[in-house]
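The points below are grouped by topic and are intended to be read alongside the coordinates.

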Amino acid sequence: MAIDHAHWAAYLLAAMDERREVQAITKQVDELSVDDAYAIQAALLELQLGRGDQLAGAKLGLTSVAKQEQMGVTEPVYGWVPASTVLKAGQPAQLDELVHPRCEPEFVFVLADALAGPGITANDVLDATEKIVGGIEIIDSRYEAFSFTLTDVIADNTSAARVMIGAEGIAPREADLATMGCVFEVDGAITGTAAGAALLGDPAACVAMLANHLGKHGQQLDAGWIVMAGAATDARPLAAGTVATARYSHFGTVTLTAEQGA
Ligand code: OOG
Ligand code: MG
């Protein structure tokens with residue numbers, strides 16, 4: 001039977017709004033193709049933009065072995081960053097707005113120019129990049145037990161929930177992206193360490209892959225957007241009082257805290 005994209009988009013938006021887990025879509029339909037999953041993701045974004053949100057950027061996910069092994073999904077995925085999900089520096093995450101959040105460090109590209117695939121290379125990405133900064137993303141799968149297949153997580157906008165971007169950045173060719181490092185600490189304990197090369201060998205190549213993926217759908221990465229290249233370590237639970245710190249070799253330290261909320 002044909003997949004009703006609008007239905008599943010509304011299903012996921014309700015889970016987000018009501019902060020509750022829902023059953024994975026693939027447990028309820030015979031087959032969910034990658035194209036159907038991106039169509040649901042697009043319909044979900046339309047619903048969010050339709051009530052006044054704006055696009056602040058895009059993201060890759062599952063671009064590192066650490067993440068692929070943690071989630072049991074072995075292909076990269078792409079999603080959107082609504083402006084309402086970008087936290088200001090120092091702004092605590094409110095747990096009452098989230099389902100079962102996790103946090104992870106991100107290398108983030110800030111684009112000076114648009115990137116429209118096909119044919120975009122890592123070099124093109126560097127040419128179009130204003131700066132690269134460090135960040136921490138909060139992912140919050142809307143699915144039960146944070147468990148999903150490839151197409152489920154695509155439909156769910158790749159678990160995107162919040163992101164905090166650090167203030168310190170570097171020019172795109174100021175450092176070797178493969179060896180730039182990140183130490184991720186949660187409540188003072190080091191939970192992961194990684195270099196840029198953890199992201200399919202080159203974070204800029206990941207961004208190129210995203211531009212080329214969007215090109216196939218007649219879309220592009222816009223000037224001024226932030227683009228997350230994907231977490232280089234596995235994600236950690238974010239509970240009330242958690243302090244997550246990502247210490248980067250080139251972008252200083254990004255600290256995220258979580259509060260229970262109202
Ligand atoms: C999917 C989103 C993955 C990343 O950086 O790998 C992601 C998930 O793990 O829930 O954002
Ligand atoms: Mg991520």
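In this predicted model, a backbone N or O atom of A231 lies 2.8 Å from an oxygen atom of ligand 1. The protein covers 100% of the 320 Å² of accessible area that ligand 1 has on its own; accessible areas come from the Shrake-Rupley method with a 1.4 Å probe, and for residues only the protein chains shown count as cover. Residues are numbered from 1 along each chain as its sequence is written, while chains are lettered from A and ligands numbered from 1 in the order in which they are written. Local features need pLDDT of at least 70, side-chain atom pairs count only at pLDDT 80 or more, totals for chains, interfaces and linings use all residues, and side-chain values use heavy atoms, with hydrogens and water left out.

**Ligand 1**
- Ligand 1 has 17 residues around it, of which K59, L62, E104, S159 and A231 come nearest; a residue is near a molecule if one of its heavy atoms lies within 4 Å of it.
- A polar side-chain atom of K67 lies 2.9 Å from an oxygen atom of ligand 1.
- For E137, a polar side-chain atom lies 3.0 Å from an oxygen atom of ligand 1.

**Magnesium site**
- E104, E106 and E137 coordinate the magnesium ion (ligand 2) through OE atoms at 2.0 Å; donors are N, O and S atoms within 2.8 Å of the metal (3.2 Å for Na, K and Ca), and since water is not among the atoms, sites may look incomplete.
- Along the chain, the donors of this ion follow the spacing E-x1-E-x30-E.
- E104 counts as buried at 3% relative accessibility, and E106 is buried with a relative accessible area of 0%; buried means under 20%, exposed over 50%, and partly exposed in between (1.4 Å probe, protein chains only).

**S64**
- S64 is found in the loop between β1 and α3 (65-71); helices (H or I, at least four residues) and strands (E, at least two) are DSSP runs numbered from the N terminus.
- At 1% relative accessibility, S64 counts as buried.
- The side chain of S64 reaches the backbone oxygen of A231 at 2.7 Å.
- Leaving aside neighbours within four places in sequence, S64 is in contact (heavy atoms within 4.5 Å) with A198, L199, A231 and A232.
- S64 and R51 are 13 residues apart along the chain, and their C-alpha atoms are separated by 34 Å.

**Helix α6**
- Helix α6 (residues 203-216) has 14 residues and reaches 21 Å from its first C-alpha to its last, close to the 20 Å expected at 1.5 Å a residue; the expected span is 1.5 Å times one less than the number of residues.
- Because 10 of its 14 residues are buried, α6 is largely enclosed by the rest of the structure.
- The buried residues of α6 include C206, L210 and L214, and its buried residues pack against elements including α2 (34-50), β5 (102-111) and β10 (226-231).
- D202 caps the N-terminal end of α6, with a side-chain oxygen 2.9 Å from the backbone nitrogen of A204.

**H100**
- H100 lies in the loop between β4 (93-94) and β5 and counts as buried at 18% relative accessibility.
- The side chains of H100 and E21 make a polar contact (3.0 Å); a polar contact is a pair of N or O atoms within 3.5 Å, where within protein one must be able to donate a hydrogen and the other to accept it, and residues adjacent in sequence count only if both atoms are side-chain atoms.
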